[in-house]
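Q: Hi! Could you walk me through this protein model, a piece at a time?

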Amino acid sequence: MTNKNKPPTKTDRDILVFLQNGGSVNFLTAFQTFKTSRLSDNIYRLRQAGNIIYSENVPYKTKAGVSKHYYNFCMVKPKIKKAGTKTGKEKIK
């Protein structure tokens, strides 16, 4: 079974709205929020429908010291600023 030429499902559209509102989604948030365990399948269909969705590889280490990673998906690339850059959200003394 293949996903080629299949339209986005209701879950896909819900994820798309979430991403368009500035959210980012990974496997855990997709499972908890949208009740889907096939996030890669949902993202694939959304990309095939013409949406630009970025993926960010997030590395981490387990308690045993094993290196692993997961993906965060978003529609707006996160802006990484240099350390010490003012964001406008600092408290004024």
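**Asn 72 and its surroundings**

A: Happy to! Leaving aside residues up to four places away in sequence, Asn 72 touches Val 25, Asn 26, Tyr 54, Ser 55, Glu 56 and Val 58. One thing to keep in mind is that this is a predicted model.

Q: Okay, and which strand is Asn 72 found in?

A: Asn 72 belongs to strand E3.

Q: Is Asn 72 buried or exposed?

A: Asn 72 counts as buried, because its relative accessibility is 14% and the cut-off for buried is under 20%.

Q: What joins the side chains of Asn 72 and Asn 26?

A: A polar contact of 3.1 Å links those two side chains.

Q: Let's look at Asn 26 then. Where is its place in the chain?

A: Asn 26 sits in the loop between strand E1 (24-25) and helix H2 (27-34). Asn 26 is buried as well, with a relative accessible area of 15%.

Q: Which residues does Asn 26 touch, not counting those up to four places away in sequence?

A: Those are Leu 39, Tyr 70, Tyr 71 and Asn 72.

Q: And what does the side chain of Asn 26 do at the start of H2?

A: One of its side-chain oxygens reaches to within 3.1 Å of the backbone nitrogen of Leu 28.

Q: How many bridges join E1 to E3?

A: There are 2 bridges between E1 and E3, which run antiparallel. Val 25 stands opposite Phe 73 in E3.

Q: And how many bridges for E2 and E3?

A: E2 pairs with strand E3 (residues 67-74) over 8 bridges, in the antiparallel sense.

Q: How many residues are between the strands in the hairpin of E2 and E3?

A: There are 5 residues between them, and in this hairpin Gly 65 takes a positive phi near 90 degrees. Val 66 also has its place in the loop between E2 and E3. Val 66 is partly exposed, at a relative accessible area of 43%. Not counting residues up to four places away in sequence, Val 66 touches Tyr 60 and Lys 61.

Q: New topic! Which residues make up the largest nonpolar core?

A: The largest nonpolar core has 12 residues: Ile 15, Leu 16, Leu 19, Val 25, Ala 30, Phe 34, Leu 39, Ile 43, Leu 46, Ile 53, Phe 73 and Met 75. Helix H1 (10-20), H2 and helix H3 (39-48) each supply at least two residues of this core. As general background, nonpolar side chains in soluble globular proteins tend to be buried together.

Q: Can we zoom in on one of them? What does Ile 15 touch, not counting residues up to four places away in sequence?

A: Ile 15 touches Val 25, Phe 34, Thr 36, Leu 39, Asn 42 and Leu 46.

Q: Last one: at what angle do H1 and H3 pack?

A: The angle is about 80 degrees, and the axes of H1 and H3 are 10 Å apart. H1 and H3 are therefore roughly perpendicular to each other. On the H1 side, the contact is made by Thr 11, Asp 12, Ile 15, Leu 16 and Leu 19, and on the H3 side by Leu 39, Asn 42, Ile 43, Arg 45 and Leu 46.

Methods. Residues numbered from 1 in each chain as written. Predicted model: local features only at pLDDT ≥ 70, side-chain atom pairs only at ≥ 80, totals over all residues. Heavy atoms only, no water. Helix = DSSP H or I, 4+ residues; strand = E, 2+ residues; numbered from the N terminus. Buried < 20%, exposed > 50% of the residue type's maximum accessible area, 1.4 Å probe, protein only. Contact = heavy atoms within 4.5 Å. Polar contact = N/O pair within 3.5 Å; in protein donor to acceptor, adjacent residues only side chain to side chain. Pairing = 2+ DSSP bridges. Core = buried A, V, L, I, M, F, W, Y, C linked by side-chain atoms within 4.5 Å. Axes fitted to C-alpha atoms, helices over the stretch in contact; angles between N-to-C directions. Parallel < 35°, antiparallel > 145°, perpendicular 65-115°, else oblique.
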